[in-house]
Amino acid sequence: MNRRRLSRPFRRAAAAVVVLGAAAVFSAVPSTQSRDEYLGGDTTVFDEGPTAFGRALANLDPLRWNEFRADKERFLRQWPERGPWADAVSCAECHYHDGRGPRADQVGGPVNLVRLGGPSPGGDPVYGNQLRRTGYGVLAPAHIRVEWEEVRDRYPDGDNYKLRQPTIHVSELAYGPLDPHTRQSLRVPPAVFGLGLLEAVSEQEIRRFADPDDADGDGVSGAVQEIRDAATGRSVLGRFGWKASQPSLAAQSAAALMADLGVIPPGTSSATDRVRTKIQEREPEIDQGEVTALVRYLRALAVPARRRWAEPAVREGEALFESIGCAACHRRQMITGELPDWPELERQAIQPYTDLLLHDLGPQLADAVSEGLASGHEWRTPPLWGLGLLSTVSGQSGLLHDGRARSPEEAILWHGGEAERAREWFRHLPRKARAALLEFLDTL
Amino acid sequence: MSKSFQVLAASSRVVAVLMAGAALAHAQSPPVVFQGLPHTPVGYAALQLDPARGALDVVGLGSTGKDGVAVRKDGSTSWTARVEVPVAATQLLNLSWSALADGRRIGSGLLRQNGDTLEMSGVFTGATTTPTFSAQVYNNGRLVGAVGSQPPTARVFFPITICTWVPEQCRIAAEFHTLDDGACMVKIVGSGAVPIRLPNGTIVTGNEVRLVEEVRPAGHYPYLGFDTMVTRSDAPSFAIVAESLR
């Protein structure tokens, strides 16, 4: 990293950005932007408490209410049948209060999981694409311990900051060693609200933002994840998961049911390894209706509104977010398209702060696990809506794919690759401007 | 990263130890098991079992109305109990019962004495904007009056003689339920029929008042139940009798 070389020009530029940002606050921004707080368009709900991610769409058809309640029961319940290898007993165990992974003391289960990437698309030949911690009626696959190493650095203005990075320690592998080519990646379960809106965004709308060869020369590319649809054989756009490896909520839910609970949704593939095959033989198949109900529940979960969005410092932070380049990937606005049977989600002007594209975030965040077209360096831009409420809902706010960032500030400081320039702009901002940008993020 | 980085060891176990310490610092008089359910004192309260009366006495309460008792059972949808609260010229009845899910209050019933009258109100949190409830009066199980769309400030009034009286004590059945449609309901049942004034001024005769949260599905939170019931009063003590939590 060449921070010293960049330091002086960045300092001058940062001052200019602050002036420009402040000017934007007082002149360019219209005085009445009454829709700013409606991150989810007409579906937006107003709740700043622990239930903020679990509310029904604000425009939900009343006839869906009873299904919504029943689907929530399904989301919360301990799954009656689960596979011999599992990481959780219920959906809600990982998606605590419909948010990100829970605080360690709030549930008995893991707050993160270990994704395996290996020589085959299915991950490790024996352990598959996820190293599960629990065995039911069989030996637990492995013992997993995460150790956090703290690192210190400082801003150019002398302010100190601390970051931390995880090291995964795997022991007691019950079914033999991992394949030498298998790679491990720590993952935090993402929040599950607002997913219906993201699913309703058309492929055309997402492709509009793609710039895989950086034709505009801004240093930010953005590539579409292309997935082969197992059912049709056609290539489809991926949009869910840390590397956008799932094209739909149905596919994402099926993958999570398999990987986390060890159950087999209909039409999913089977393993070839001897051990893995024996395990899969004992994995209970679930009815397609269960997957459908979970998808229905996820689609009906609303996005909470912004708070304090009109405060001057927040406005200043918002202008900085745009001007230093964060918004090149964390795009503010999208328009949803059509989603059959879900008129509530259609044609909504939403503000997810994502482009749903893959970006190279540099070697420090790379995990050496590729998924589809996404390399180990590439990650899908996560939406930022609900960011300021993560801690209220989940009791923790471990950000980035592995939860290493304990705050949005730490998350920014981990950005590299295509986002390195934006990160350096941020580092070189005056303290007050940095605080304003973080204040803005806290209102999302 | 830059050479000024220093490596420090950190462990999530440290956080767990600190949190355990904090919990101990707040520990009060010991919990007791009553009716097979774990009860924990709240605030300055202490708990005493009275096997002869089949009662749990909640004593040592301050005058803030914040002290009382909590009973816990995961996945509960219904709580009923008879509450015995002292009432005297210098001690007006003030009682609240609240259901919590994951530490958050999902609904409450409140009874407050004003002279010879009790006023009952409810607080519900399922709605995304202004919550409303319907107030319903029953007489021996038969609906005799109701009014809907009531704001949180609405009150139902009835004479304190709805209580079963023993010397300087009001005995009344208090209940909390989560209903099949996700609504919460608070309820009191008295010993005999009295004139009850609904928030719109209508007066009917009954022995039971229900305040039922109104569910407007758009933006509503689908509470499926609760895990904790907290009963509080600003009386010096009160007793819980014939309690059920399921």
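In the predicted model, chain B has an average pLDDT of 87, and 89% of its residues score at least 70. Residues 1-27 of chain B have a pLDDT below 50, and this stretch makes 26 contacts in the model beyond near neighbours in sequence. Where pLDDT is low, the predicted coordinates should not be read in detail. For the complex, the predictor gives an ipTM of 0.79 and a pTM of 0.85.

Strand S8 of chain B covers residues 94-101, and eight of its eight residues are buried, so the strand is largely enclosed by the rest of the structure. Both of its faces are covered. One side carries Asn94(B), Ser96(B), Ser98(B) and Leu100(B), and the other carries Leu95(B), Trp97(B), Ala99(B) and Ala101(B).

S8(B) runs antiparallel to strand S9 (residues 104-114) of chain B, to which it is joined by eight bridges. The hairpin of S8(B) and S9(B) has two residues between the strands, and Asp102(B) there adopts a positive phi near 50°. Six bridges join S8(B) to strand S18 (residues 226-233) of chain B, also in an antiparallel arrangement. Trp97(B) stands opposite Gly109(B) in S9(B), and its bridge partner in S18(B) is Thr231(B).

The buried residues of H6(A) include Leu249(A), Ser253(A), Leu257(A) and Leu261(A). Among the elements that cover the buried residues of H6(A) are strands S1 (85-86) and S2 (113-117) and helices H4 (195-200) and H8 (288-299) of chain A. Just after H6(A), Gly262(A) has a positive phi of about 75°.

Notes: Residues are numbered from 1 along each chain as its sequence is written. Chains are lettered from A and ligands numbered from 1 in the order in which they are written. This is a predicted model: local features need pLDDT of at least 70, side-chain atom pairs count only at pLDDT 80 or more; totals for chains, interfaces and linings use all residues. Side-chain values use heavy atoms; hydrogens and water are left out. Buried means under 20% relative accessible area, exposed over 50%, partly exposed in between (1.4 Å probe, protein chains only). Helices (H or I, at least four residues) and strands (E, at least two) are DSSP runs, numbered from the N terminus. Contact means heavy atoms within 4.5 Å. pLDDT is the predictor's confidence in each residue, from 0 to 100. Two strands pair if DSSP finds at least two bridges between them.
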